[in-house]
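Subject: Structure for your review

Dear colleague,

Please find below the structure that I am handing over to you. I would be grateful if you could read the notes after it with the model open beside them.

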Amino acid sequence: MRAYERLLKYVSYETTSDESSETCPSSPKELVLAEALVEELKQIGVADAHVDKDGYVYGSIPATKGAENEKAIGLIAHMDTAPAMSGANIKPRIIKDYDGADIVLNEKLGVVMDTVTFPHLTNYVGQDLIVTDGTTLLGADDKAGVAEIMTAAAQIIEADAQAGEGSAHGKICIAFTPDEEIGRGADRFDVEHFGADYAYTVDGGMLGEIEFENFNAASAKVHIKGENIHPGEAKNKMKNASLLAMEFNSMLPPAEIPAHTEGYEGFFHLCGMSGDEENAHLDYIVRDHSMDKFLERKAMLERITAYLNQKYGEGTVTLNMKDSYYNMREKLESDMYIVDRAVEAMRENDVEPIIQPIRGGTDGARLSFMGLPCPNLSTGGHNFHGKYEYVCIQSMDKMVDIIKTIVRKSN
Ligand SMILES: [Zn+2]
């Protein structure tokens, strides 16, 4: 069975994660897919496949004879899809031998994926794509990753049974996780139980992507306590919290926002504000790849807070900052073994690695700080989290080959 055939099966399960839920997995529907995946893992020969009480699927393929001392390599993908768009009743459509033209996803609704807005489409002329019907996301993020890992596992176990020359490998650990899209995928991941020395999340985009640098991230909540007085008698007395909130924001560098930054440029992002004369709130997220610059950004928020408190009275502004995740580069750069292994495996399969910083976080970043170094690999998909999501079938096949090369014993 090819990876895309598995993907078509997996996207028929609705697994949208739910931020408002406090359970794990956040939606009971994720468990339905988890159980189906356990069944399938057992079917292909992963004897110890199981789902734990939090909906995490684990399983492993033992090392081949003589390769027991090899590093145990982990492969991780997430089962949920992004709540940003419906993941129910997905009707995937295969476009065979893509001709490079704009793709009409839904004629009735006038949803067209055009090559001007999505220029990477032109890379796929002559290949086969899976697209949506324009009313849902596709769920290739990250069911393409699940399908590629499952397909590679099936082929590895089959080769093991035939004891083919050159198929030696160390222990391979597999995990499918819930709730990545709502930032909780690593929360209940049991690193010790998983049993890998190194791992990859297979959760990236275009074929060839290897990601091992992500943002350092914090949230910053600003509360401003004003003093409301009847506007007719407010002279020298009123402290308008909403105006102070605007003053606070005006002291941040205007060019350092998401809409003006790219690559390794960090930012302050105002993601919410509310207020009246008495109280005002500003919600920011702070992002930077560089730890020094990240610390400097947080220090800047503290200086602005101190300045306004000096100007308007102690206790006027309170700042609550909380770190969310850190750049996994810090954990990987002293030991690039796991990244190098992916680079070599891609080259061996005639895929030129694309190494670029992630402008976000990954479960792998969190896992790297939990003691499991875990860069992110491509799946072959594009335009995640929306109706323009698509995946290239040949890229998925390539990823299966790359995974098989990665886990193979080095010599
Ligand atoms: Zn994903």
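Two residues are said to be in contact when heavy atoms of theirs lie within 4.5 Å of each other. Please bear in mind that this is a predicted model.

The two domains

The domain assignment divides the chain into domain 1, made up of 3-213 + 328-407, and domain 2, which covers 216-325. Between the C-alpha centres of domain 1 and domain 2 there is a distance of 38 Å. How many residues of domain 1 are in contact with domain 2? Eight residues of domain 1 touch 10 residues of domain 2.

The size of an interface is often expressed as the accessible area that is lost when the parts come together. For domain 1 and domain 2, the buried area is about 690 Å², and carbon and sulfur atoms contribute 53% of it. On the side of domain 1, E213, P357 and R359 provide 62% of the area buried against domain 2, more than any other three residues.

Helix α1 spans residues 3-10 and helix α2 spans residues 28-44; their axes come within 12 Å and cross at roughly 150 degrees. Angles over 145 degrees count as roughly antiparallel, and α1 and α2 are therefore roughly antiparallel to each other. The crossing of α1 past α2 is right-handed. R6, K9 and Y10 of α1 make the contact with L33, L37, E40 and I44 of α2. Of the residues in this contact, four are nonpolar, three are charged and none is polar.

Yours sincerely,
A colleague

Methods: Residues numbered from 1 in each chain as written. Predicted model: local features only at pLDDT ≥ 70, side-chain atom pairs only at ≥ 80, totals over all residues. Heavy atoms only, no water. Axes fitted to C-alpha atoms, helices over the stretch in contact; angles between N-to-C directions. Helix = DSSP H or I, 4+ residues; strand = E, 2+ residues; numbered from the N terminus. Parallel < 35°, antiparallel > 145°, perpendicular 65-115°, else oblique. Left-handed = near helix turned anticlockwise from the far one by under 90°. Nonpolar A, V, L, I, M, F, W, Y, C, P; charged D, E, K, R; others polar. Domains from an automatic or database assignment. Buried area = accessible area lost by both parts, 1.4 Å probe.
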